[in-house]
Amino acid sequence: MIPKVFKQIIDLGDGRTISLETGKLAKQAHGSVVVQMGDAMLLCTVVSNYHASPGVDFLPLTVDYREKFAAAGRYPGGFFKREARPSDAEVLTMRLVDRVLRPLFPKDYHAETQVMIQLMSSDENVMPDALAGLAASAAIQLTDFPFEMPISEVRVARINGEFVINPSRTQLEDADIDMMVGASADSVMMVEGEMDECSEEEMAEAIKFAHEAIKIQCAAQVALAEAFGKKETREYETEANDEELAKIISDFVYQKVYDIAKAGSAKHERSAAFAAIKDEVKATFTEEELKEKSALISKYYSKAEKSAIRNLTLNEGLRLDGRKTDEIRPIWCEVDYLPSTHGSAIFTRGETQALATVTLGTSREANKIDMPTYQGEETFYLHYNFPPFCTGEARPLRGTSRREVGHGNLAQRALKGMISKDCPYTVRVVSEVLESNGSSSMATVCAGTMALMDAGVEMKKPVSGIAMGLISDGDRYAVLSDILGDEDHLGDMDFKVTGTADGITACQMDIKIKGLSYEILVSALKQAREGRLHILGKITDTIAKPNADVKAHAPKMVTKTIPNEFIGALIGPGGKVIQELQKETGCTIVINEDPITTEGIVEILGTNQAGIDAVLAKIDSLLFKPAVGSIYEVKVIKMLDFGAVVEYTAAPGNEVLLHISELAWERTDNVTDIVNMGDVFDVKYFGKDPKTRKDKVSRKALLPKPEGFVERPPRDDNRSGGRDNRGRDNRSGGDRDRKPRPRD
């Protein structure tokens, strides 16, 4: 039976289109959509169980995004030739989709839900991550899930002053703004991206432009669902509620929480005080009531606590730790803390601390990226680690979490644009979060900046970062600078902004309230700028600019370009020359070929300057070409009967024969009468000898002619008679007429 297919077309306004199709594939999933743009095709399927697992009090939502190598006609790497764990880029796409979808499910919906997005066909001119959010939302619209409204995500870039929706990777190379924006038709919900020091107003304009495109994509999802047949929202078991109990608890704890919050205290002291109030509440109930209503008591306590803390900020402009809304926690910094690293720095802000290290290497240490849609490498990359002890917890380590990948990527995007393109090194930054109570990713940016400058990496400008929050009740709002971990959870917007003194370099926003005005957004961004500059001042007080040189124990990098024809000579047969050179000098030597000029780019990395100089001398000797008429110092390295083999002292390894006739003006019978092994003297270079076609040098040309010296005339090769004039053409006629003798 031929399936009935439903389709909607989204016009991007520049000749490109996106199609949404359902009814053909994966019909046993609760919702299934194929999204196509150009030759790129994504299949998204969604399934949600009809019953929640016992004891689950949250939404177990899983978003998976995978790019299939077959989509690009390629084989996966590795022995098994099979797709394995997701790449960092795939994890980042999962996070982008999850952050927009999760808030739109009801808070009391606890059924396990899975969203799977797969790239089935690739197009080099289409970046599929920009279509993943659209695919997920479109598939959900075809289901009976309790989902508030359709959303979509687009990439917006500014290229040559013009905004472009969902540009190609090639176009992005010329962009000074690159952002992913997630939104519904009414409200922006998520923003993440990087910029080339743009202003707050320019960032807001990019978000507005993206939102207009998202509105069209949301309308297309509604039209597809109506054509397919919109389903009635499923019924599910909602959480029990007891309004009377909620009022009793609120009346009991509200003022107590308000007073503790107003007192301003440290994290552990405050947590202990709040826990004591909660225990007091529980003490007012019997054991039977606690057993029956324990979950509701905890729920209503948390609700009352959140309300009290929010109102404290809105009413009095005060926060949990006693700060004003725009106040930054105390900061202290230190560089060069670790003696053996190439660069290190500590950044501590309040109860958040990050220790960053920098390691310098050659292009061989670049981070290789091998995905179906992109193959390349990163010569600057940052890794972020968030161990459990940083929040006072004990839990097992289970590899790198999605959170660590996401926060590390944000910090990397914040810093990478400020690394000079002339930097010869591959640079790896690692941030170890040692304490956390509010935005360890921004502490990573600050610590990373200082560690890079401590390592002597040439940065265009230092970068700082700050995490901001927003609390609003509709009529009033308060923007919070440098938020705490608790403020992250109770606020209406969490956004992180990084930048230099001249503009924004990266951002990440999660907006939890509907209809946030752009005026409030710009106001919040400007307050973030003030905080960012304050933090930047603390950084530059500690280290104002990059160190002039790398540390004594850190490797020095020198690059040299050589003509293509000399690459083989430097490598040697089977790599013999380069391997021996590395062993002798203690340097690491990497040779790459320039893809445009095909010249060889030699990277020399070593801690010993003498070793680096030895490698450079070897390269210079390979490239050495004497100039006709020039004088060079040479050293005798071999004695022959007819001359001496000499080596140019300025280019060891370059040898030339000094003929016995060029040793002195007088007749020389024995070479040893004039020179011996190891003698050093000057010779003059005459170029190629026309007879021997070999290089000709002369010692005697630099010596004065003896008085009365008569130079022997050159031999005449055209003299008549003699051995030199005999030939077959001069044989007698009798010889030519002689008959051949018969063969035996």
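Arg 99 is buried in this predicted model, its relative accessible area being 15%, where buried stands for under 20% relative accessible area, exposed for over 50% and partly exposed for values in between (1.4 Å probe, protein chains only). The model is a predicted one, in which local features need pLDDT of at least 70 and side-chain atom pairs count only at pLDDT 80 or more, whereas totals for chains, interfaces and linings use all residues. Residues are numbered from 1 along each chain as its sequence is written, and side-chain values use heavy atoms, with hydrogens and water left out.

The position of Arg 99 is within helix H1, which covers residues 88–101; helices (H or I, at least four residues) and strands (E, at least two) are DSSP runs numbered from the N terminus.

Helix packing is considered next. Two packed helices are described by the angle between their axes and the distance between the axes. Here axes are lines fitted to C-alpha atoms, for helices over the stretch in contact, and angles run from 0 to 180 degrees between N-to-C directions. The helix that holds Arg 99, H1, has an axis that comes within 9 Å of the axis of helix H2 (residues 129–141), and the two cross at roughly 40°. This makes H1 oblique to H2, since angles under 35 degrees count as roughly parallel, over 145 as roughly antiparallel, 65 to 115 as roughly perpendicular and the rest as oblique. The crossing of H1 past H2 is right-handed; a crossing is termed right-handed if the near helix is turned clockwise from the far one by less than a right angle, and left-handed if anticlockwise. On the H1 side the contact involves Thr 93, Val 97 and Leu 101, which meet Asp 129, Ala 132, Gly 133, Ala 136 and Ile 140 in H2. By class, these residues divide into five nonpolar, two polar and one charged, with Ala, Val, Leu, Ile, Met, Phe, Trp, Tyr, Cys and Pro counted as nonpolar, Asp, Glu, Lys and Arg as charged, and the others, Gly among them, as polar.

Helix H5 was examined against two partners. The axes of H5 and helix H6 (residues 267–283) come within 10 Å and cross at roughly 165°, and H5 and H6 are therefore roughly antiparallel to each other. H5 passes H6 in a right-handed crossing, with Ile 249, Phe 252, Val 253, Lys 256, Val 257, Ile 260 and Ala 261 of H5 set against Ala 273, Phe 274, Ile 277, Glu 280 and Val 281 of H6. This contact has 10 nonpolar, no polar and two charged residues. With helix H7 (residues 287–316), the axis of H5 (residues 243–263) comes within 8 Å and crosses at roughly 45°, which makes H5 oblique to H7. The crossing of H5 past H7 is right-handed, and the residues of the contact divide into 16 nonpolar, four polar and four charged.

In strand E18 (residues 464–472) lies Met 468, a buried residue with a relative accessible area of 0%. Leaving aside residues up to four places away in sequence, Met 468 touches several residues, among them Val 479, Leu 480, Ile 483, Met 493, Phe 495 and Ala 524. Between Met 468 and Pro 388, which are 80 residues apart in sequence, the C-alpha to C-alpha distance is 24 Å.

Most residues other than glycine have a negative phi, and most peptide bonds are trans. Ala 26, although not a glycine, has a positive phi of about 50°; Ala 26 is found in the loop between strand E2 (17–22) and strand E3 (31–37) and is partly exposed, with a relative accessible area of 33%. Thr 598 likewise has a positive phi, near 60°, and is placed in the loop between E23 and E24, where Thr 598 counts as partly exposed at 36% relative accessibility. Glu 599 is found in the loop between strand E23 (588–593) and strand E24 (600–606) and is partly exposed, with a relative accessible area of 35%.

How values were computed:
Contact means heavy atoms within 4.5 Å.
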